[in-house]
Amino acid sequence: MLNQQDNDLLTRVENQAPLGQLMRRYWMPACMSEELPQPDGDPIKVRVLGENLVAFRATDGSVGVMDELCPHRRASLLYGRNEEGGLRCLYHGWKMDVEGNVVDTPAEVRREGAPCKKIRHKAYPVRESHGFVWIYMGEEATMPEFEPPAFANGTNPIISIAKINLPCNWAQIVEGGIDSAHASLLHSSEIRPTGNTARAGLAETHTLTRPSVDKAPRLHVHRTEYGMRYVALRTPITNPETDEYARIATFIAPCTVLSPPNGTYSTIQFIVPRDDESTSFYFVGWTDDQTEGTGVTQEVWRQRMGAVVGVDLDDDHWPLRTPANRFKQDRAAMKQGSFTGVRGIANQDSMMWVTMGPISDRSKERLGTSDAAVAQFRRVMVEAVKAFSRGEPPIGTTQPRLPHRRIRSFEGVIKKETDWRELGILPE
Ligand code: FES
Ligand SMILES: [Fe+2]
């Protein structure tokens with residue numbers, strides 16, 4: 001439960017909201033690299049932290065992400081010409097390079113050889129890495145080095161990204177990502193118990209397996225300098241006296257969730273607020289080093305998640321399942337054994353997140369024991385926002401700190417005496 005004031009601190013990013021200001025101190029995904037497949041290709045519209053932006057890949061392959069509206073008289077650059085190292089507005093031909101420099105103003109009278117107007121269009125620093133276009137939306141003076149994110153830093157990684165834009169606030173999605181209890185219910189048709197941990201044929205069967213039938217996990221939460229981790233302990237099917245089945249999820253502020261891996265690949269989520277009431281949700285299946293039988297292809301991953309453009313999503317990655325069509329829920333399938341009547345893990349999650357409303361009213365909830373991690377996430381972020389507003393450094397940026405590339409989630413059967421907090425942290 002959160003009072004209205006703290007709920008606003010946790011959820012709102014637009015205008016001068018303190019959370020939005022905090023999030024501007026980190027590199028954030030703006031879009032997938034594959035959305036800008038070729039130099040001088042189609043520009044795309046992206047929205048991050050309440051700002052409408054246009055992203056384009058210039059002639060040399062570099063990417064620009066800038067204010068959607070032209071610096072001259074504010075026509076949309078989305079319809080502009082992407083040519084010869086910049087994006088040219090159709091209205092009077094002003095042209096901006098990837099850094100936002102105005103490099104041509106053909107309708108302006110000026111002396112031969114004189115520079116164009118000394119106007120810098122608002123453009124954000126960009127890095128491309130791990131299948132994403134990352135931007136830094138803070139002041140240049142506070143810009144940190146881009147650091148490798150907490151996934152796929154091996155020599156031969158496979159990275160498969162499902163992107164879904166959702167009409168609800170970011171915090172609802174993070175809370176889904178760190179909520180272990182729901183998986184044994186909401187996803188029970190996809191995630192089945194099994195007596196052993198072998199997961200042969202996983203990619204074909206479309207079913208995830210677990211060595212436990214325990215639906216009431218015991219949660220232990222551990223606060224860290226970068227956010228929080230928690231373990232969900234379930235009684236395993238075999239050796240229940242000495243062993244525990246542990247699933248560790250991790251939240252790295254401000255918007256990364258590492259959920260537990262399965263036998264053949266790991267997952268990570270980036271939950272990027274478009275604005276107060278909508279979010280770009282990136283769900284990534286990945287493996288560090290491709291070896292026989294590991295990893296998941298882009299195609300299989302998107303099918304499994306129910307995130308295929310043209311089937312599950314429109315061209316701009318918005319779900320075709322909406323409240324207006326009751327999320328295309330198949331009640332007949334429910335009678336025949338489907339728990340939800342909805343295909344695809346991400347479709348099931350988004351049905352829950354979206355139906356909570358654009359911004360869930362957390363003052364009306366009744367939290368239970370299974371919500372310990374959700375409650376801790378809120379505490380971490382509300383306190384981080386308050387601390388930042390007092391002038392303290394952004395959460396997770398003070399030394400000593402664990403580089404994100406060393407942080408992993410974990411899944412497995414462990415001995416009861418194991419210190420779970422050390423599991424999944426990679427050595428130096
Ligand atoms: S409005 Fe873009 S060049 Fe005039
Ligand atoms: Fe889920």
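Visitor: How many aromatic pairs does the structure hold, and how is such a pair described?

Guide: A pair of aromatic rings is described by the distance of the centres and the angle of the planes. Rings of Phe, Tyr and Trp (its six-membered ring) pair here if their centres lie within 6.5 Å, and planes under 30 degrees apart count as stacked, over 60 as edge-to-face and the rest as tilted. By that rule this structure holds 15 aromatic pairs. One of them joins Phe132 and Phe270, an edge-to-face pair with 5.3 Å centre to centre and 70 degrees between the planes. Phe132 belongs to strand 11 (residues 132-136) and Phe270 to strand 19 (residues 266-275), so the pair ties together parts that are 138 residues apart in sequence. Strands (E, at least two residues) and helices (H or I, at least four) are DSSP runs, numbered from the N terminus.

The model is predicted: local features need pLDDT of at least 70 and side-chain atom pairs count only at pLDDT 80 or more, while totals for chains, interfaces and linings use all residues. Residues are numbered from 1 along each chain as its sequence is written, chains are lettered from A and ligands numbered from 1 in the order in which they are written, and side-chain values use heavy atoms, with hydrogens and water left out.

Visitor: Are Phe132 and Phe270 buried or exposed?

Guide: Buried means under 20% relative accessible area, exposed over 50%, and partly exposed in between (1.4 Å probe, protein chains only). Phe132 is buried, at 0%, and Phe270 is buried too, at 2%.

Visitor: Which residues have the most contacts inside the largest nonpolar core?

Guide: In soluble globular proteins, nonpolar side chains tend to be buried together. A nonpolar core is a set of buried Ala, Val, Leu, Ile, Met, Phe, Trp, Tyr and Cys residues joined through side-chain atoms within 4.5 Å. The largest one here has 88 residues, and those with the most contacts inside it are Val65, Ile135, Trp170, Phe251, Phe377 and Met381. Helix 8 (residues 372-389) supplies the largest share of this core, eight residues.

Visitor: What is the strand order in the open sheet of three strands?

Guide: Strands of a sheet pair through backbone hydrogen bonds, either parallel or antiparallel. Two strands count as paired if DSSP finds at least two bridges between them. In this open sheet the order is 1-11-10, with antiparallel pairing. Strand 1 (27-32) and strand 10 (126-129) stand at the edges with a single partner strand each, so one side of each is left without a neighbour in the sheet. Five bridges join strand 1 to strand 11, and Pro29 stands opposite Trp134 in strand 11.
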